[in-house]
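Reader: Hi! Could you walk me through this structure, please? I'd like to look at it while we chat.

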Amino acid sequence: MQDAALMNYIDRRFLSLEKRLEKCNQDILDYVEEFRDFSKMVLSRLAGLNSYKAEVKSEVENLLTRIERAQRDIDYLGSVTDSSTCIEVHEDLVKQQLFEEAEEKKKLKLMLNASCDHMLAGIKSLKIFKKTGDKHGSWMKDPGKKHTKVYLLNGSVNNVILEFANIMTFMESNHTLKARKVTLPFAWQGTGHIIYQGFLFYHRYGSLNEIIKFNIQKRNITDQMLLPGAGRIPAYQLSPPTKIDLAIDEQGLWAIHAEPETEGNIVITKINHVTMAVEHTWDTSCNSKDAEAAFMACNTLYVVYNFPSGGTSRIQCVYDVLGTVNTYEIPVLHFPKRQGSHSTIHYNPKEKQLFAWGDGSQIIYKLDTKQKV
């Protein structure tokens, strides 16, 4: 009896469990069906939203188009009704620009002394005074002093100046024994240094664009400056040691260099030799390619070109900072009688001559000049 009761109890429990499992399965099916209905409803609403979004976008684009058309109509009506006013404003701007340019030219002429009115007409003769030193170097007189002293700076990197009492002492065979040696605290770079009013101005070796002002008699540095944009490429392709070429003319101190941003075209800068401040800068049309040297004379840049293997030097690019010279009508000017190259050419405004260093030789070129047109 007990076994029969136990079996009956177990059967009832299994039946109950099966009913519960069936109910659970049915509930799951109901939930799945309900979720499917919900998904369909959500997808349907999303489709409606996308359609509404497209409609709104189309309406907004249409509205923007109408606004643009209205704006063009307004601009057109404004240009028609106010055309005379626009012309007057435009003319006022042009007049203002012309006035500013005229004022700038006046300032430049005052700064550069417009009485300097001659230009180079030719190179009539040369004289080789001596052949001494390296391939690169420079020699000069001080055009700002009354004395006749001659200075020799040998090599593209050095820190010793040789000072001679006069040109005759310099030409003597044992000239170095009679020279006064001046040692600089820092070496120079290239051959673009210049001596003016008792000071040596030079590009400091190892620096990008530092120019030093050195008092030759007192033997000390009195000032220095950084020349913006200079020192990254040679001033002249055929004279790679010289990155900054300093020059003197009737107006004082100038710097000549080239910049990558100008595609190698030469840039000239007027420097106040007293304050060592930049006064003005000009981008020229003269390229540094195949150039070996340049010099300033009476506000005008003259660039000397040659062949990489050496040959007859020639001036074939001229740039007048005041625009008083029609540089395109100037013929090519050849240096006379000599084949070779120059590592430096400096103009002496006091003597109206060029002091040049060519393949170790110290040369003076005499010039023909004429009035600027």
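Predicted model: local features only at pLDDT ≥ 70, side-chain atom pairs only at ≥ 80, totals over all residues.

Reader: Great. How many salt bridges does a search of the whole structure find?
Author: The search finds 10 salt bridges. The term stands for a side-chain nitrogen of Lys or Arg within 4 Å of a carboxyl oxygen of Asp or Glu.

Reader: Which residue does K124 form a salt bridge with?
Author: Its partner is D368, with 3.8 Å between the closest N and O atoms. This pair links distant parts of the chain, 244 residues apart: K124 is in strand β1 (residues 118-131) and D368 in strand β20 (residues 361-371). Helices (H or I, at least four residues) and strands (E, at least two) are DSSP runs, numbered from the N terminus.

Reader: Nice. And what about E163, which residue does it meet in a salt bridge?
Author: E163 meets R180, at 3.1 Å from N to O. Here too distant parts of the chain are linked, with E163 in strand β4 (residues 157-164) and R180 in strand β5 (residues 180-189), 17 residues apart. K149 also belongs to this picture, as K149, E163 and R180 are linked in a network of salt bridges.

Reader: Is E163 buried or exposed?
Author: E163 is buried, at 6% relative accessible area, while R180 is partly exposed at 25%. Buried means under 20% relative accessible area, exposed means over 50%, and partly exposed is in between (1.4 Å probe, protein chains only).

Reader: Got it. What is the distance between the closest N and O atoms of K178 and E172?
Author: They are 2.8 Å apart, in a salt bridge. K178 is partly exposed at 47%, and E172 is partly exposed at 28%.

Reader: Changing topic: which residues make the nonpolar surface patch?
Author: L6, M7, Y9, I10, F14, L17 and L21 make a patch of about 690 Å². Patches take residues with over 30% relative accessible area and no salt bridge, joining like charges within 9 Å and nonpolar side chains (Val, Leu, Ile, Met, Phe, Trp, Tyr) within 5 Å. The areas come from the Shrake-Rupley method with a 1.4 Å probe, and for residues only the protein chains shown count as cover. Y9 lies in helix α1 (residues 2-81) and is partly exposed at 44%.

Reader: Last one: what is the order of the four strands in the open sheet?
Author: The order is β14-β15-β16-β17, with antiparallel pairing. β14 and β17 (333-334) stand at the edges with a single partner strand each, so one side of each has no neighbour in the sheet. Strand β16 (residues 314-320) pairs with β17 over two bridges; strands count as paired if DSSP finds at least two bridges between them. I315 stands opposite L333 in β17.

Technical notes. Residues numbered from 1 in each chain as written. Heavy atoms only, no water.
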